[in-house]
Amino acid sequence: MTFYAENETARSFSFSIEEVFKKVAEAVLAEEKCPYEACVNMLLTDNEEIRAYNKDYRQIDRETDVLSFPAIAYDAAGDFSVVEAREEEYFDLDSGELILGDIIISVDKVEEQAKRYGHSELREFAFLVAHSMFHLCGYDHMTDADAAIMEKKQEMILAQLGYERE
């Protein structure tokens, strides 16, 4: 699996963003029984830049903690069978990996929300990666029922990996 992480800010953390990103992403893909090697891109940016992305792509002119850009149009969340008939659209033809999509995380929000919720930046970062990975697997939280499913899955992954609230 290939996980690309780029930090366009001067901000650093006390943990390896690449290691946590990979660990959480692999756990989500295992939970979802993704039958393919996958590729995910992650960009770390600041509040100003994520606000610009949010405005450009979602027409929402405010900062946010994470944006997810799934590359797959799922029929049902976690159902990867949709990609089989459209290999040239969903797979990197050089590596053979399934292209899941892109994640953008605000490092400012990681810090702010960790303080607000009383847990570590590591836990907040892991949460945002898990949240976004489930979006890349077709999950959403537009209804209360969908939100409950997604929240349960996120908390299970975080607990499994030891990224629980302190």
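This is a predicted model: local features need pLDDT of at least 70, side-chain atom pairs count only at pLDDT 80 or more; totals for chains, interfaces and linings use all residues.
Residues are numbered from 1 along each chain as its sequence is written. Local features need pLDDT of at least 70, side-chain atom pairs count only at pLDDT 80 or more, and totals for chains, interfaces and linings use all residues, while side-chain values use heavy atoms, with hydrogens and water left out.

Let's start with the pocket, meaning an open set of points on a 1 Å grid over the protein atoms alone, where a 1.4 Å probe fits and protein lies on both sides within 12 Å along at least five of seven lines. The largest pocket holds about 510 Å³ of space, a volume being the space filled by probe spheres set on the points. Strand 3 (66-70) and helix 5 (121-136) each supply at least two lining residues, with strand 3 giving the most, 5 residues.

Helices (H or I, at least four residues) and strands (E, at least two) are DSSP runs, numbered from the N terminus. Leaving out residues up to four places away in sequence, Glu-37 touches Met-1, Glu-97 and Leu-98, where contact means heavy atoms within 4.5 Å. A polar atom of the Glu-37 side chain lies 2.7 Å from the backbone nitrogen of Met-1.

How values were computed: On a 1 Å grid over the protein atoms alone, a cavity is a set of points where a 1.4 Å probe fits but cannot get out, and a pocket is an open set with protein on both sides within 12 Å along at least five of seven lines; lining residues have an atom within 4 Å of a point. A polar contact is a pair of N or O atoms within 3.5 Å; within protein, one must be able to donate a hydrogen and the other to accept it, and residues adjacent in sequence count only if both atoms are side-chain atoms.
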